[in-house]
Amino acid sequence: MREKIIESLKSKLNRRVWESWFGTFDVKEIGADYVVFQVGNLFIRDWLEKKYGALISKTLRELFGKQMNFQIDYAPAQSQEESEQDEPLVKKRPLVLTPLNPILTFENFVVGPSNMFAYSTSIEVAKNPGKYNPLFLHGGVGLGKTHLVQAIGHYLFKNEPDLRVIYLTSERFLNELVDSIKKNKVQEFRERFRNKVDVLLLDDVQFLIGKSGIQTELFHTFNELYNAGKQIVVCSDRDPQQLEKFQDRLVSRFQMGVVAKIDKPDEETCFKIANRMVQLEGGRLQEDVLRLVATHFSDNLRRLRGALVKLIMYQQISNETVDLQKAAELLSVASFETKKVLPEEKLIDALCKVFGVTQQEILGKGRKQIVINARQIGMFVAKNHFGLSLRQVAELFGRSHPTVSHTIQKVEELLSSGNIVVKNQIDQLMKYMTDRVSNQSI
Ligand code: ADP
Ligand code: MG
């Protein structure tokens, strides 16, 4: 019966909860209508009673088929008692203020050119805490900062169970401080963050912009931890220099170690991320649908995930496979087909913006190099990316058929000879238009 009770409890809890709180938990005695448990730590005993009392009761009722009383005794192991006498009670347990999301692990992180550096440094930090200090991760909203910093946390919990790891958002850090001030416990707050942490993972530090009191507190916390060789990881939506209204001394601390930026993923990486997300959600989506979502939501992966979840849910509820058209409709985005019939004025308009020239110049006879350039790229894109016929391109640009044909051929030659400038110009133009299409229709 002892094993059954333990197994049954274990099966109802996630692994980390089990490892954190039930490590020394055991059955001590089983009576007719009661069970006595024991646990090796007073603090944990109280915690288990408070948080898991109902679950233990329920489990016993299931197993014994009737209501059972239970109690949890505190039974320190002899040797432990001696060696840990004046240590804090939960010293050897990981500390998490905000629980980690189990999905945000290194295994579930898709690596591509946009996040390679941030990923590699995060792995190094997780493997050698204290060596690259601090690690400052930054990048736009929804590009994977929280994912990486939590992945470091997961890695450490798994591989360095003795390290005291704290993950928290800067908002939480601020609230904890405010709370401690109210309760006259600032000393305890300082003690906790400066002396009882081996790895501090601090998310969204931009939240502290303009809040100078907490910045001072963070500065001292930082110094204590840093000087003691403890690892610090800080995330922010902008690079340290752009943290306006931040104390200079703090900004320069942030730059002392490794500063790693996460960029917007390229289309292929984004597609892979979409794929992984669908897999993690336990769903299935067609490849062309994944590609559609990947092109439209690459600038914020949280929205990408939201879009995928929406499609998966629709599929499950309606029992109908979401095809490209349906997906575009559900997400109110233009599908690839509609993108091709982008009104021609928009192409000219985009050329003006990207090349910094005017419509009159493009359609006129001017021979300024940049204008010639814009015209050439415009004709090429109109034909090759938007599928206009040579005649349509000629009309659009007010040029003769042979001129257009000759121009496009020239661009093609430049491209096939590996001309980077031309390629970049085309990419830029396409990106400008794709962004506009998705922004307009979302
Ligand atoms: P940030 O903290 O930078 O705002 P998050 O870390 O919360 O962004 O990421 C947003 C979402 O995108 C999360 O669901 C996260 O798991 C996912 N995500 C971000 N980058 C990747 C990646 N490279 N591979 C897989 N999922 C990712
Ligand atoms: Mg985040």
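A polar contact is a pair of N or O atoms within 3.5 Å. Ligand 1 and Arg 302 make a pair that meets this limit: an oxygen atom of the ligand is 2.5 Å from an N or O atom in the Arg 302 side chain. The model is predicted.

- Ligand 1 has 18 residues around it.
- Those that come nearest are Gly 142, Lys 145, Thr 146, His 147 and Arg 302.
- Arg 302 uses its side chain instead, where an N or O atom is 2.5 Å from a ligand oxygen.
- On its own, ligand 1 has 560 Å² of accessible area, and the protein covers 91% of that.

**Ligand 1: make-up of the shell**

- By residue class, the shell holds eight nonpolar, seven polar and three charged residues.
- Three helices each supply at least two shell residues: H6 (145-159), H11 (267-280) and H13 (301-318).
- Two domains each give the shell at least three residues, namely domain 2 (116-262) and domain 3 (267-331).

**Salt bridges**

- The structure holds 23 salt bridges.
- One of them joins Lys 261 to Asp 263, with the closest N and O atoms 2.8 Å apart.
- Lys 261 has a relative accessibility of 44%, so it counts as partly exposed.
- Asp 263 is partly exposed as well, because its relative accessible area is 35%.
- Arg 391 pairs with Glu 395, and here the closest N and O atoms are 3.4 Å apart.
- These two residues sit four positions apart in helix H19 (residues 390-397), so about one helical turn separates Arg 391 from Glu 395.
- Both Arg 391 and Glu 395 are exposed.
- Lys 423 meets Asp 427 through their side chains, at 2.8 Å from N to O.
- Helix H21 (residues 420-441) holds both Lys 423 and Asp 427, four residues or about one turn apart.
- Lys 423 is partly exposed because its relative accessibility is 41%.
- Asp 427 has 37% relative accessibility, so it is partly exposed too.
- Elsewhere, salt bridges with shared partners link Arg 2, Glu 3 and Asp 26 into one network.

**Backbone features in loops**

- The peptide bond from Asn 133 to Pro 134 is cis, and its omega is near -10°.
- Pro 134 sits in the loop between helix H5 (116-127) and strand E4 (135-139).
- Asn 184 is not a glycine, yet its phi is positive, at about 60°.
- The loop that holds Asn 184 runs between helix H7 (170-182) and helix H8 (186-195).
- With 71% relative accessibility, Asn 184 lies over the 50% cut-off and therefore counts as exposed.
- Lys 245 is another non-glycine residue with a positive phi, about 55°.
- Lys 245 counts as exposed because its relative accessibility is 69%.

**Two residue pairs**

- Lys 12 belongs to helix H1 (residues 2-12).
- The relative accessibility of Lys 12 is 28%, so this residue is partly exposed.
- Lys 12 and Leu 55 are 43 residues apart along the chain, while 8.5 Å separates their C-alpha atoms.
- Leu 208 lies in the loop between strand E6 (199-203) and helix H9 (212-227).
- Leu 208 has 0% relative accessibility, which is under the 20% limit, so it counts as buried.
- Leu 208 and Leu 218 are ten residues apart along the chain, with their C-alpha atoms separated by 9.7 Å.

Note on methods. Residues numbered from 1 in each chain as written. Chains lettered and ligands numbered in written order. Predicted model: local features only at pLDDT ≥ 70, side-chain atom pairs only at ≥ 80, totals over all residues. Heavy atoms only, no water. Salt bridge = Lys/Arg side-chain N within 4 Å of Asp/Glu carboxyl O. Buried < 20%, exposed > 50% of the residue type's maximum accessible area, 1.4 Å probe, protein only. Near = heavy atom within 4 Å. Polar contact = N/O pair within 3.5 Å; in protein donor to acceptor, adjacent residues only side chain to side chain. Areas by Shrake-Rupley, 256 points an atom, 1.4 Å probe, with all protein chains shown as cover. Nonpolar A, V, L, I, M, F, W, Y, C, P; charged D, E, K, R; others polar. Domains from an automatic or database assignment.
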